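This report describes selected strands, a helix, aromatic contacts and backbone features of one protein model. The sequence and coordinates are shown first.

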Amino acid sequence: MTGIPHVLIIGGGLGGLCLAQGLRKAGLGFAVYERDDVRGLEQDRFQDQRVRIGPQGARALYECLPPEAWEEFTACAEGGGRSAFVTEQLRELLVLPQPTAGTTPQHTHHRASGSALHRLLMSGLDGHLVHGGREFTGYERTGDGRIGAHFADGATAHGDLLVGADGADSRVRRQLLPHAVRADTHVLAVSGRLDLAGARTDELPEILVTASTSVLTPRSDAMFCAAGLTSAAGRRGRAGADPGPADGPLLARPGHHVLWTYVARTATYPRDVGHFDGKALRAEVAGRIESWHPDLVRLVAEADPESVVAVRMLGMRPVEPWPPGPVTLLGDAIHGMPALGGTGATTALRDARLLSGLLARRRDPVQAIGAYESEMRSYGFDAVARSLRATRSATSESRLARTLLRGALRTAAHSGWVRAAVFRDFGE
């Protein structure tokens, strides 16, 4: 392969768009192909997400985004915020202050609306660079050594390299690594959203509306709550409200909400839980937590039933090294992980920075992909392992283990070295 490679990116999520921004900054050719309407992703896939971005993800955004987009991000994104651990009666176990991994924005923690971050990553990627409504069906090596990507509408795109950034159900992964599978943790997560308006914000405890809160019980279940601000794009999509001028701040967030996720072992749910609608799922969780603190009960009971969904918690099994070639994977497509631990977005952004940087520096693109895959496998599957440990811990059936965990958190509240040991990888 000679000259500047043209990269086909399958998937227009956060990782795929960050890669596109990095390639654009390096002067490399690319095109992004997304199954859904790209602008609609802000209102559908990312509307209710609160994305936690650790220092590795912040550095990726800093290096891949154009300077004006990075400045917009740092001006409007929230800090990493506090993290609290409480009992089901809202008795405090430990509160961690906002993490400070560094003093500059590119070396610290942030939180942002998923829809707003997606819109920011679209900055400058006009229609001829990002193509929506293109459902990827497979790829082939052509006679001249290039890659042909095929789509459901009969179209074919040609490039020198292909990157699968198409999520946990990646079709690129299925063809490239058919032996790579996701493991079932046998944990089911039910999530919902309580929208707050006016005085209702003052009716909940301060910790629930200002921090990320982990509710740890003596039983084999747990709840995680994240306070957030509804994005302008999300509000327009749901209520038809006009959030303001189209050229206003990309990360403006006018409305408050609290997202909650209840997790328990799948075997403890009714057999037909997979067929429950939002109202039935809400009632199922409400019945399980009826003895908890009334404010936690309220989070569930008053949640919008259309926001309540159930998701099986899956995680990629580690994959042995494979020979590098002109096709590779990024983000959840290769190291998808349960949401517990909050490092999925950071790891995908880190992939994008690493791959775009190596492609910009190396003459041989396949050698660059080999170097990328070697490093990505190490930190990516390490992140998956941490997330799986957090999932197992949250739903452990051992009362002794859960009692010891709550005791360790109480001890960490009064001991700096214990706190440092327990949370050494927290929020990477």
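## A positive phi within a strand

His186 is found in strand β13 (residues 182-196); helices (H or I, at least four residues) and strands (E, at least two) are DSSP runs, numbered from the N terminus. The phi of His186 is near 60 degrees, a positive value in a residue other than glycine. With a relative accessibility of 46%, His186 counts as partly exposed; buried denotes under 20% relative accessible area, exposed over 50%, and partly exposed the range in between, with a 1.4 Å probe and protein chains only.

The model is predicted: local features need pLDDT of at least 70, side-chain atom pairs count only at pLDDT 80 or more, and totals for chains, interfaces and linings use all residues. Residues are numbered from 1 along each chain as its sequence is written, and side-chain values use heavy atoms, with hydrogens and water left out.

## A positive phi within a loop

Leu90, which is not a glycine, also has a positive phi, of about 60 degrees. This residue lies in the loop between β5 (82-86) and β6 (92-96). Leu90 is buried, its relative accessible area being 18%.

## The sheet β9-β10-β11

An open sheet is formed by 3 strands in the order β9-β10-β11, with antiparallel pairing; two strands pair if DSSP finds at least two bridges between them. Because β9 (136-141) and β11 (156-159) stand at the edges with a single partner strand each, one side of each is left without a neighbour in the sheet. Neighbouring strands of this sheet are turned by 20 degrees against each other on average, direction ignored; the axes are lines fitted to C-alpha atoms, for helices over the stretch in contact, and angles run from 0 to 180 degrees between N-to-C directions.

Strand β10 (residues 147-151) is joined to β11 by 4 bridges, and the two run antiparallel. Within this part of the sheet, His150 stands opposite Thr156 in β11.

## Aromatic pairs

The whole structure contains 5 aromatic pairs. Rings of Phe, Tyr and Trp (its six-membered ring) pair if their centres lie within 6.5 Å; planes under 30 degrees apart count as stacked, over 60 as edge-to-face and the rest as tilted. Phe136 and Phe151 form an edge-to-face pair, at 6.3 Å centre to centre and 75 degrees between the planes. This pair links distant parts of the chain, with Phe136 in strand β9 and Phe151 in strand β10, 15 residues apart.

Phe136 is buried at a relative accessible area of 5%, and Phe151 is buried at 4% relative accessibility. Tyr33, Phe136 and Phe151 form one aromatic cluster.

Strand β1 (residues 6-10) runs parallel to β12 and is joined to it by 4 bridges, with Ile10 opposite Gly164. Strand β18 (residues 327-329) pairs with β12 in the parallel sense over 3 bridges, and here Val163 stands opposite Thr328.

## Helix α12

Helix α12 (residues 365-394) has 30 residues, which at 1.5 Å a residue should span 44 Å; the end C-alpha atoms are 42 Å apart, in agreement. The expected span is 1.5 Å times one less than the number of residues. The helix α12 bends by about 30 degrees at Met376, the bend being the angle between axes fitted to the seven residues ending there and the seven starting there.

At the start of α12, a side-chain oxygen of Asp364 reaches to within 3.0 Å of the backbone nitrogen of Val366.

Notes. Polar contact = N/O pair within 3.5 Å; in protein donor to acceptor, adjacent residues only side chain to side chain.
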